[in-house]
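Please have the sequence and the 3D view at hand.

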Amino acid sequence: MGLERPSEAMSVPPRERRTTFSLQSSSYVGMGDLLACRRKQSILVVEDNELNAVLLKEMLVSRGYPTVAVHSAAEAEAEIRREAPDLILLDVIMPGKTGYELCRELKQDPITRLIPIVMITGLSAQEDRVKGIEAGADDFLTKPISSEELFARVGSLLKLKEFTDELETADSVLCTLGLSVEARDPYTEGHCERLARYATDLGRFLLLDEESIVALQRGGYLHDLGKIRVPDKILSKGSDLTPEEWEIMKQHPVTGENICRPLKSLRLVLPIIRHHHEHSDGSGYPDGLRAGEIPLLPRILQVVDIYDALRTERPYKPALGHEQAAVTMRAEAQSGLWDEELVAEFFAMLDKRRQVA
Ligand SMILES: [Fe+2]
């Protein structure tokens, strides 16, 4: 492999310049804070040929990118666990796990799937590219690598990563808001986390795609976000609402949808927020949809929401045991409230888990 050595690279000693500012997707980071603290984006080079790895690293460092070079998939995995980079340059052929295998694994992992990966392939490597696309690679560089091509690819993918990070952060802010809404009602503590876990488990049990699973997880936190506009005195009553109070309470799905609508990354979550109080017989709100008119994702969230509500003590009712909750939900599904098939799938999943445990 031949790499163009940039003239300025020789005068810049390759040194570690890793950022100390790290975004934690589960913690609150305001958009204002994010913009103020914009950090240097880091790059991980995975290349078994030591000379090539050093040259690539020198080229990137010469442009001000904090870069770490490693020589195998195992070292790359350790480095990613230590600190996730913003971009990975990944050689195809390496001893041990190949670049394709590592790429596929990183793209299937929800924690690393949004890190752009550029695969480094040989000159006549049409087949390499097809394999790389199948593994989920975002772009390719062909050996010998020209510095212009390298910096063009790296620049555009890092820009894209910056936007993705901002969207992720906005999601995280909204999910934190969802938790703060939950915190206003001491009887629903932990409800959002349990819902997110049950809903994603049921989604996986039903073999849904990863995008739907992510939407279900966010839906667990965001479905009641609209309650942010419901006054405390109504929220704390739980039941026995006056007709006027009930009208205010019934607005929360539409309010939540309106708050989240500007974020395109929440596209699949919007129906969950809007329709999580619809009933199969059309008696729910806000749209009075019937059975098949209610999209699948809100029907899934609804089933796990009801189960968790039945299993939890509230001011106006005791907690039910698992068997009692199952009997109640099956009866309510038969009477036209919930999706019978999904209720059956949910309990099949729980029963299977109980057998394994
Ligand atoms: Fe709700």
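This is a predicted model: local features need pLDDT of at least 70, side-chain atom pairs count only at pLDDT 80 or more; totals for chains, interfaces and linings use all residues.

## Overview

Residue numbers start from 1 along each chain as its sequence is written.

Of the 357 residues, 33% count as buried (20 or more other C-beta atoms within 10 Å of the residue's own, with C-beta atoms placed from the backbone). Among contacts with a separation of 6 or more, 64% come from residues 24 or more positions apart; a contact requires C-beta atoms, placed from the backbone, within 7 Å.

## The sheet

The 5 strands form an open sheet with parallel pairing, in the order β2-β1-β3-β4-β5. Two strands pair if DSSP finds at least two bridges between them. β2 (67–70) and β5 (139–142) are at the edges with a single partner strand each, so one side of each has no neighbour in the sheet. From one strand to the next, the twist averages 20°.

Strand β4 (residues 117–121) is joined to β5 by 4 bridges, and M119 stands opposite F140 in β5. β1 and β2 are also parallel, with 4 bridges between them; V45 has A69 in β2 as its bridge partner.

## Helices on the sheet

Helix α2 (residues 50–62) packs on the sheet and touches β1 (43–46), β2 and β3 (87–91). The direction of α2 makes about 175° with that of β2; such angles run from 0 to 180 degrees between N-to-C directions, and axes are lines fitted to C-alpha atoms, for helices over the stretch in contact. Helix α3 (residues 73–82) also packs on the sheet, where it touches β1 and β2, and its direction is at about 165° to that of β1.

β1, α2 and β2 together make a right-handed β-α-β unit: with the strands pointing away from the viewer, the path from the first strand over the helix to the second runs clockwise.

## A helix pair

Helix α8 (residues 210–222) packs with helix α13 (residues 296–311) at about 45°, and their axes are 10 Å apart. The contact involves S212, A215, L216 and G219 of α8 and L297, I300 and L301 of α13.

Terms used:
A residue is buried if 20 or more other C-beta atoms lie within 10 Å of its own, exposed if 12 or fewer, and partly exposed in between; C-beta atoms are placed from the backbone. Two residues are in contact if their C-beta atoms, placed from the backbone, lie within 7 Å. Helices (H or I, at least four residues) and strands (E, at least two) are DSSP runs, numbered from the N terminus.
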